[in-house]
Amino acid sequence: MNHNEQLTPDLVDPMLRGRFGRPYLWSEECESTQDALRDPSLHEGTVAVTEHQTAGRGREGRTWEDAPGRSLLLSLLLRPPASFPVQQLSLVAGLSLVEAIDAVAETSAQIKWPNDVLLDGRKVAGVLLESSEGRVICGIGVNVSQTEEELPSDARVPAASLRTATKREHDRAALLVELLARLQRRYDEWLDLGLALFVPDLTRRDALRGLAVTVGGVSGTAAGIAADGRLRIRAKDGTVTLVASGEVEPKLSRRGPGRAGSRNDP
Ligand code: BTN
């Protein structure tokens with residue numbers, strides 16, 4: 001296993017297990033893989049991967065930085081039926097991502113609703129959904145082998161890589177093919193059975209549960225993820241508000257005894 005190997009088609013194509021990743025579009029450098037899938041003739045499952053982005057995008061207009069060859073940077077084209085709530089794909093992708101990371105890096109990753117992936121409270125991966133005209137471009141960035149010095153020091157949520165979190169190197173190609181296989185399985189399950197099926201797995205991996213949070217002006221204790229993907233926030237008087245989207249601002253205080261983890265307070 002060569003950890004510095006580029007994710008070229010001749011390496012990745014023979015490893016692919018399903019329809020996601022076909023065709024597989026690779027570049028050594030691009031502005032953003034999100035822009036490599038704009039051609040309307042591309043079909044579902046097309047994946048763009050690069051070694052380095054010069055203008056990587058994060059959620060809420062933020063940038064996504066990488067050190068060349070150290071991250072997994074990909075975009076996947078999806079075309080869900082018009083009646084499907086596209087926003088739920090954040091959680092579908094987030095869950096697939098934690099499962100793939102755990103499988104390859106032998107970790108216990110958590111989801112910070114809606115789709116940040118945390119290891120020991122530090123962000124190792126994120127998902128960006130961009131949709132228009134029935135097409136959803138699901139962008140995923142994973143910090144794989146950056147050193148502490150190569151990670152952004154001013155991130156809203158402190159950043160980690162799989163390497164800094166586990167003190168070991170990890171194989172990007174193995175992570176890529178595992179992720180695509182899991183994305184395909186979870187996406188198909190979502191189309192067939194809906195998001196409610198995922199709630200037990202999301203609950204087990206919910207980094208926010210029991211924490212005091214504010215999102216979209218609503219403050220209270222994070223009380224799990226509802227069957228439709230909204231975040232449940234319980235106020236002091238016991239009333240529960242369901243929040244559909246937004247950036248979670250965890251506060252430093254924590255509710256409930258004995259919760260593990262929780263260094264994700266920005
Ligand atoms: C976030 O957590 O804010 C989402 C980050 C998403 C980054 C990935 S990297 C591949 C794809 N191309 C981009 O420009 N952004 C996404």
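A nitrogen atom of the ligand is placed 3.1 Å from an N or O atom in the side chain of Thr33, a polar contact being a pair of N or O atoms within 3.5 Å. Oxygen atoms of the ligand are held in the predicted model against backbone atoms as well: one lies 2.7 Å from a backbone N or O atom of Arg57, and a polar backbone atom of Arg59 is 2.7 Å from an oxygen atom of the ligand. Taken alone, the ligand exposes 420 Å², of which the protein buries 99% (Shrake-Rupley method, 1.4 Å probe).

The model is predicted, with local features requiring pLDDT of at least 70 and side-chain atom pairs pLDDT 80 or more, whereas totals for chains, interfaces and linings use all residues. Residues are numbered from 1 along each chain as its sequence is written, and side-chain values use heavy atoms, without hydrogens and water.

Around the ligand stand 20 residues (a heavy atom within 4 Å), and Ser32, Gln53, Arg57, Arg59 and Lys123 come nearest. Strand 6 supplies the largest share of this shell, four residues (strands being DSSP runs of E, at least two residues, numbered from the N terminus). By class, the shell comprises six nonpolar, ten polar and four charged residues (nonpolar: Ala, Val, Leu, Ile, Met, Phe, Trp, Tyr, Cys and Pro; charged: Asp, Glu, Lys and Arg; polar: the others, Gly among them).

Key:
Polar contact = N/O pair within 3.5 Å; in protein donor to acceptor, adjacent residues only side chain to side chain.
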